[in-house]
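Q: I have a structure to go through and would like to take the contacts one at a time. Can we start with the charged pairs?

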Amino acid sequence: MTTFIKILIVTFYCSVATLYFEPVGSERILAIGAIGGKSHWNFMEGILRALTEHGHKITVLTPFPTGDRGNYTEIDVSKEIRTLLRLDIDQLNKELISHFDLINFVNDYSRNSCKILYENNFIKNILTDSRSNFDVIFIELMASECVSYLSAKLDIPLIYVTPPPLISYLERSVLGHYPNPAVVSHVLANHSIPRTMFERFTNTVLLFYTLFLLQYKSWYARITDTEAFDQIEPIKPSIIFSNAHFITDAPRPILPSMIQVGGIHLSPPKKIPDVLSWQYLQYQYILETT
């Protein structure tokens with residue numbers, strides 16, 4: 001009898017305790033496509049689509065709007081952020097051929113995007129609101145950590161999305177370490193794996209050169225063109241979604257906070273049309289018989 005009473009008491013307290021537990025619901029996500037590159041947005045959109053399919057509610061600022069849908073609301077910033085479409089290849093070869101020019105460009109582009117985004121009326125409204133309507137922020141990381149300013153002001157977790165498989169010149173600043181340049185190639189290197197002594201040496205020089213250059217550019221910009229996001233310490237991300245996959249990328253050590261989701265933006269494969277299949281078989285036959 002005593003045991004039965006104990007069971008009733010425990011059951012009663014457990015029932016009361018469950019009244020204080022809220023059911024797990026969807027997250028309210030604020031996503032920002034800070035880079036006006038179509039390939040960059042394709043990767044970000046793939047992640048956001050997967051999240052909406054799992055019931056999460058997303059509000060996204062994007063330079064490539066396609067229209068709202070269930071749990072997905074877009075804010076068009078195509079007229080504010082410079083889109084990197086239809087660029088002159090000759091001009092690119094002249095202006096972005098060197099590592100120096102490329103680091104300068106991505107840093108300036110990132111800072112300009114931050115200035116534009118933080119002047120956006122929607123962003124201004126949520127910054128002045130005493131209570132945030134979002135649980136987490138997804139932002140694309142390119143060169144400057146100014147994008148973390150919004151996370152710091154709203155005091156909510158930050159998740160970075162990186163379309164390049166590697167962010168060699170930012171790993172030390174964002175993750176607190178950098179990979180061994182003797183075994184992990186720099187994102188701007190012309191080899192996937194440094195195999196020879198010369199490649200390892202040049203890869204090491206390239207890593208520290210880009211680290212120094214980006215730090216110098218960031219420091220100089222904070223001195224000569226101080227913005228609100230320069231006056232607070234950058235927030236470090238809780239997670240980084242990287243466009244990499246162990247099947248297609250060279251092996252390298254990664255931290256637990258870096259999640260490889262390479263290919264998440266790709267559409268399911270379709271059947272090859274019969275006409276193309278027949279043409280391929282004919283071509284294969286010609287190769288084998290000649």
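Q: Which side chain does Glu-145 meet in a salt bridge?
A: Lys-236, with 3.0 Å from N to O. Keep in mind that this is a predicted model.

Q: Where do Glu-145 and Lys-236 lie in the chain?
A: Glu-145 is in the loop between S4 and H6, and Lys-236 is in the loop between H8 and S6. They are 91 residues apart, so the pair links distant parts of the chain.

Q: Is Glu-145 buried or exposed?
A: Glu-145 is buried, because its relative accessible area is 12% and the cut-off for buried is under 20%. Lys-236 is partly exposed, at 39%.

Q: How many salt bridges are there?
A: The count comes to seven. Another one of them is between Asp-135 and Arg-28, at 3.0 Å from N to O. That pair also links distant parts of the chain: Asp-135 sits in the loop between H5 and strand S4 (136–140), Arg-28 in strand S1, and 107 residues separate them.

Q: How accessible are Asp-135 and Arg-28?
A: Asp-135 has 24% relative accessibility and counts as partly exposed. Arg-28 has 35% and counts as partly exposed too.

Q: And what does Glu-119 pair with?
A: The side chain of Glu-119 meets that of Lys-124 in a salt bridge, 3.1 Å from N to O. Glu-119 counts as exposed at 52% relative accessibility, while Lys-124 counts as partly exposed at 36%.

Q: Arg-28 was in S1. Which strand does S1 pair with?
A: Strand S2 (residues 57–62), in the parallel sense, over five bridges. Ala-31 stands opposite Val-60 in S2.

Q: How many residues of S1 are buried?
A: Four of the five, so strand S1 (residues 28–32) is mostly covered.

Q: What about S6, which strands is it joined to?
A: Strand S5 (residues 158–162) is joined to strand S6 (residues 239–242) by four bridges, and the two run parallel. S6 is also joined to strand S7 (residues 258–260), by three bridges, again parallel.

Q: Which residues face each other there?
A: Tyr-160 has Ile-240 in S6 as its bridge partner. Ser-242 stands opposite Gln-260 in S7.

Q: Switching to rings. How many aromatic pairs does the structure hold?
A: Nine. One of them is Tyr-118 with Tyr-149, which is edge-to-face: the centres are 5.1 Å apart and the planes are at 65°.

Q: What does the pair of Tyr-118 and Tyr-149 tie together?
A: Parts that are 31 residues apart in sequence, because Tyr-118 lies in the loop between helix H4 (99–117) and helix H5 (121–128) and Tyr-149 lies in helix H6 (residues 149–154). Both tyrosines are buried.

Q: Where does Tyr-178 come in, and how are its ring and that of Phe-208 placed?
A: Their centres are 5.6 Å apart and their planes are at 85°, so this pair is edge-to-face. Tyr-178 is in the loop between helix H7 (171–175) and H8, and Phe-208 is in helix H8, so the pair ties together parts 30 residues apart in sequence.

Q: Which residues make up the aromatic cluster?
A: Phe-212, Tyr-216, Trp-219 and Tyr-220 form one cluster. Together with Ile-223 they make a nonpolar surface patch of about 590 Å².

Q: Where is Ile-223 found?
A: In helix H8 (residues 197–224). Ile-223 is exposed, at 56% relative accessible area.

Q: What sits over the ring of Tyr-72?
A: The charged end of Arg-69, 3.8 Å from the ring centre.

Q: Last one, Tyr-109. Buried or exposed?
A: Tyr-109 counts as buried, at 6% relative accessibility. It lies in helix H4.

Technical notes
Residues numbered from 1 in each chain as written. Predicted model: local features only at pLDDT ≥ 70, side-chain atom pairs only at ≥ 80, totals over all residues. Heavy atoms only, no water. Patch = residues over 30% accessible without salt bridge, like charges linked within 9 Å, V, L, I, M, F, W, Y side chains within 5 Å. Areas by Shrake-Rupley, 256 points an atom, 1.4 Å probe, with all protein chains shown as cover. Salt bridge = Lys/Arg side-chain N within 4 Å of Asp/Glu carboxyl O. Buried < 20%, exposed > 50% of the residue type's maximum accessible area, 1.4 Å probe, protein only. Phe/Tyr/Trp six-rings, centres within 6.5 Å; stacked < 30°, edge-to-face > 60°. Lys NZ or Arg CZ within 6 Å of the ring centre and 35° of its normal. Pairing = 2+ DSSP bridges.
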